[in-house]
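Subject: Handover of a structure

Dear colleague,

Please find the structure below, followed by an account of what was found in it.

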Amino acid sequence: MGELRLMKGNEVIAEAAIRCGCDGYFGYPITPQSEIMETLMDREPWNETGMVVLQAESEIASIHMVHGAAGSGKKVMTSSSSPGISLMAEGISYIAGAELPCLIVNVQRGGPGLGTIQPSQADYFQSTKGGGHGDYRLIVLAPSSVQEMNDFVETGFKLAFKYRNPAMILTDGVIGQMMEKVVLADYIPRVTDEEIDRRHGSWVTNGRKPNRGRNIITSLEMDSLKMEHNNIRLQDKYAKMEEEDVLFEEVQCEDAEYLLVAFGSSARICQKAVDQCREKGIKVGLLRPITLFPFPKKPIAALAKRVKGMLVVEMNAGQMVEDVQLAAGCNIPVKHFGRMGGIIPSPAEVVEALEQKLIGG
Amino acid sequence: MNLADIINPNNLVYEKPKLLTENTMHYCPGCSHGVVHKLLAEVILDLDIQEKTIGVSPVGCAVFAYNYIEIDWQEAAHGRAPAVATGIARCNPDKVVFTYQGDGDLASIGAAEILHACNRGENIVVIFVNNGIYGMTGGQMAPTTLIGQVTATTPNGRDAGRNGYPLKITELIAQLPGTSYVTRQSVHTPASIRKCKKAISKAFQAAIDKKGTSFVEVVSTCNMNWKLSPVKANEWMVDNMFPFYQPGDLKDSTKTDPASYTPLKN
Ligand SMILES: Cc1ncc(C[n+]2csc(CCOP(=O)(O)OP(=O)(O)O)c2C)c(N)n1
Ligand code: SF4
Ligand SMILES: [Mg+2]
C-alpha cells in the first residue's frame, strides 16, 4: 500500500502529478488553486523526475504550452480556477480539435465575472458542453474527496491518452482547500522518448524519424467534406466514451424511494443528507456521477423506473439537472436545489428541500 | 550539344531545396513568404537538423507553412506560437523549435506570448514576417502598418490619433535579456536573400547552442493587399518600410553566455 498522508486537495494534485510521471506543468496563479503550482515549485520535481514546471504569463499561454508539449507526446497538465479556464477555452478547443491528450484541473470558484473566491459548481455547463468553440467534449472527472483528487490525476491521464482528448478534473474550492487523509500513489517513471515514439509515432511532433516520415498536428481542414469527417470521428470517440468509460457511485439506492443526484463536494453533503433522511424514516439514496462527461445516463434511467422523484443538488442555479432530466425521462419529477455565490448548502437544507419539493409537493 | 549534356549534374547551379515538398505553394506570386520558406528549408538541411526540428506555424497566410517543409510541424492558434514552442522546447530540450509568424500574429494578438517567451529566453528561433498588414484576412491594418498607409480598415490611411503608432516590436524584443540574436532582414534582392539566409542560419545555431531566443524579422511585401505588382511592392517597401524598419542586426550576444533559465540553487 502507498504512503498515508494528511494533505490538502490542491497539494495532492501536485504530488500525484509528480508520482504519475507527469512530464510538465504550465500554470498561472489564481485562488483557490494556487497551492498546486506552489507545491510543485517547492517539490522541485525537475531534480527528481525531470518534470518541467513553468509559471506562464497567463492562462492563455499555459494552455498553449500544454498544446505544444502534448503534441510532442508528453504527459502534461495545467490547472486554474473558473476565470482562468474561460481564458483557456481557445486552447482547449484547439487541443480537442487536434486530438491531443492532456489534463486540465479546474478548482471552481463562484462567478460570473470575477465573482468570488468561494467554492462553486457553476462551471458544469462550460466543462461538459464544450466551453470553447466547435463541437467537442472533454472527459470530465468530478472528485468528491482528497483521495479522489489523487486518484483522478492518473485516471485523467489514462483516459486522455486512451482517447487522445483533453481530460478535466472538475473540482471546487471545498475539495481543493480541505485536508484529508490520502493514500498516495507509488511513483511511475516518466515515459522515455523511445517509448513515446513506439506508442505514439503515428502522430507526435517530436522530430521526424527515418521510420515514420513527418507528422503534422493541426485542427485546420479547408475541405468541408474532410472537416465533416473529422467531426464525425470526434463524435464517434465521444460515443465510445459513453459506452466504455462512465463512472458513478450509488449510495443506498437499493431500497430508495427518493434519489439525490449530486457530484463533487455537493455529493459529500448529500451523503449526510441521506443519513439524516433515513433517521427520519424517509428512504433516500444518492447517485453520484463521477464522470460528468460521459454522463451516467443509464443508471439514472434505471433508477427513474424505481424511485418516486429525484432532487439534483448543485452549487449553481441548475445545470446538471438538465442532464438528469433528460436521462430520467418525464415519468417522475426531477427537481433542483442549489446555492450560489460561494454558499455551501448544509445537509439539513437539502433534507428540507427534498421534503418541500418532492415529498410534500 | 544535346539535352543530356545540358541536364547534367555537373552543370547544376541551382536546385529546389531538398527539404521543400512537392506541394504547390498557395502564396500570391511575388509574396515574401515563399522565399523565406525556401531559406528555412535550406538552413535546416545545411545544419542537418531536419530530424530534430519542429516548426510551429501561425494563423495568417503562413498557416499552411507545414505543407511545404519536410519536418514535423504543429499548427498554433493565432498569436500563440511562442507558447506552443515553449511547451515543445521545455519538454524536449534536445530538439530545435522555431515559430514562423506574421506581424498581426506576433505583434498584435500574440504580443504577450512573444514578449514573455523572449523574456524567459526560451531556446527557440522566431521567424517574423512583417508585411505591415493582415494578409490572410484581406488587408486590414496591422500594428506594424505605417502612418498614412491605406488598408481595408484604414481606407484613408493610418491615422495616429485614431489608430496609434506603428509598433517596432523587434526593437522592444532586442531589449530583453533572454534574446541572443535579434536582426531585421529582407528578401527583395538576391543579395538580401543571401544575407537573410546567413541570419536565419545564425539564429538556428544560437538555438542549437542554447543561447536563448533568436529573432529574425523579415521586412516583407504583401503585394496582393498593398495592391501593387511584385516589383512595385519591392520598391514601395524600400522607400517606405526601410526608413522606419531599418534592416540590420539589432543585437548579437551569441558569443556571450545566455541568460539561463536554470533554477537558482540555495
Ligand atoms: C482568434 C482569431 N482572431 C482572428 C482570426 C482571423 N485572422 C486570421 S489571420 C489574421 C491576421 C494575419 O495577419 P499576419 O499575422 O500579419 O499574417 P499575414 O497573413 O500578413 O502573413 C487574422 C486576424 C483568427 N484566425 N483567430
Ligand atoms: S495575401 Fe499577401 S501575405 Fe498573403 S500570400 Fe498574398 S501576398 Fe503573401
Ligand atoms: Mg502580415
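How many residue pairs are in polar contact between chain B and chain A? The count is 19 residue pairs, both residues at pLDDT 80 or more; a polar contact is a pair of N or O atoms within 3.5 Å, where within protein one must be able to donate a hydrogen and the other to accept it, and residues adjacent in sequence count only if both atoms are side-chain atoms.

This is a predicted model, in which local features need pLDDT of at least 70 and side-chain atom pairs count only at pLDDT 80 or more, while totals for chains, interfaces and linings use all residues. Residues are numbered from 1 along each chain as its sequence is written, chains are lettered from A and ligands numbered from 1 in the order in which they are written, and side-chain values use heavy atoms, with hydrogens and water left out.

The interface

β1 (53-57), β2 (72-75), α3 (81-91) and α5 (111-120) of chain B each supply at least two residues of the side that touches chain A; helices (H or I, at least four residues) and strands (E, at least two) are DSSP runs, numbered from the N terminus. The most comes from α3(B), with seven residues. By type, this side of chain B has 18 nonpolar, ten polar and 13 charged residues, where Ala, Val, Leu, Ile, Met, Phe, Trp, Tyr, Cys and Pro count as nonpolar, Asp, Glu, Lys and Arg as charged, and the others, Gly among them, as polar.

Four salt bridges are counted between the two chains (a side-chain nitrogen of Lys or Arg within 4 Å of a carboxyl oxygen of Asp or Glu). One of them joins B:R80 and A:E90, at 2.8 Å from N to O.

B:D103 belongs to helix α4 (residues 103-109) of chain B and B:N131 to the loop between β4 (124-130) and β5 (133-134), so the pair ties together parts 28 residues apart in sequence. B:D103 is buried at 1% relative accessible area, and B:N131 is buried at 6% (buried means under 20%, exposed over 50%, partly exposed in between; 1.4 Å probe, protein chains only).

Yours sincerely
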